[in-house]
Amino acid sequence: MLSSPPIRAVGTVSGVVGPAVVALLVWIVAAPRSELLSVGGGRGLRLPESGTDGGSQLLMLIVLLGAAVVCAVLTLWHRHPGLRRPGGVTVLVVLPGLTCAVAAAAASPLAALLAPPAEDAPYGSVVAQSPAAGALFFDRMIYGTSGPSWDWFPPGAGWLVFGAMIAAFTVAVLAHFSHSPELRDGVDGVRPESAAPDRLA
């Protein structure tokens, strides 16, 4: 029995947004954190060997959100066969990319909310900071003294482009291995209508 439209919509939203939420939760729990040496009063000194914020945390977030984008595309591809057309590629690419950008924007604030550092740590204790995604893809990105930057684009455009690229690659793979006659030109380059048997007059 086919599900009703509201239930189908809820399932689609869960399949698109759910992987991004799971990716953020896994990132908050498993991402490496920088450590501070508490000096009291909610302040601390950064330990020289704990510079794990930025690069490794961002790389882990990129991997997790990339996997979430793939799951979102698989959900849309499976639950909405009507999108398996040239006109539906835009939805299959932009919607997961937009979800990726929103999740990346919420990563650092959500980590600060769910895993805040201890502000009342005693003097001399080591305090683990909340993971942070960093400013890459949200702030100016310069190579050396000059070069390309994201200043011309709205905040989060880099994450949108990243998510859209992963989604487009996933759609291309699914279309390549799909057995739908709407996506194939036929066997051995022969179009389906030309391979069909002639009708009797």
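What you see is a predicted model, where local features need pLDDT of at least 70, side-chain atom pairs count only at pLDDT 80 or more, and totals for chains, interfaces and linings use all residues. Residues are numbered from 1 along each chain as its sequence is written, and side-chain values use heavy atoms, with hydrogens and water left out.

Let's start with the overall layout. The protein chain holds five helices and three strands (DSSP runs numbered from the N terminus: H or I of at least four residues for helices, E of at least two for strands). Of the 201 residues, 31% are buried, meaning under 20% relative accessible area with a 1.4 Å probe, protein chains only.

Next, look at helix H4, residues 157–177. Its 21 residues reach 30 Å from first C-alpha to last, close to the 30 Å expected (1.5 Å times one less than the number of residues). Among its buried residues are Trp159, Phe162, Val171 and Leu174. The buried residues of H4 pack against H2 and helix H3 (89–114), with contact meaning heavy atoms within 4.5 Å.

Now over to H2, which spans residues 55–79 and includes glutamine 57. Is glutamine 57 buried or exposed? Glutamine 57 is buried, at a relative accessible area of 0%. What does its side chain reach at 2.4 Å? That would be the backbone oxygen of proline 32. A polar atom of the glutamine 57 side chain also lies 2.7 Å from the backbone nitrogen of alanine 132.

How values were computed
Buried < 20%, exposed > 50% of the residue type's maximum accessible area, 1.4 Å probe, protein only. Polar contact = N/O pair within 3.5 Å; in protein donor to acceptor, adjacent residues only side chain to side chain.
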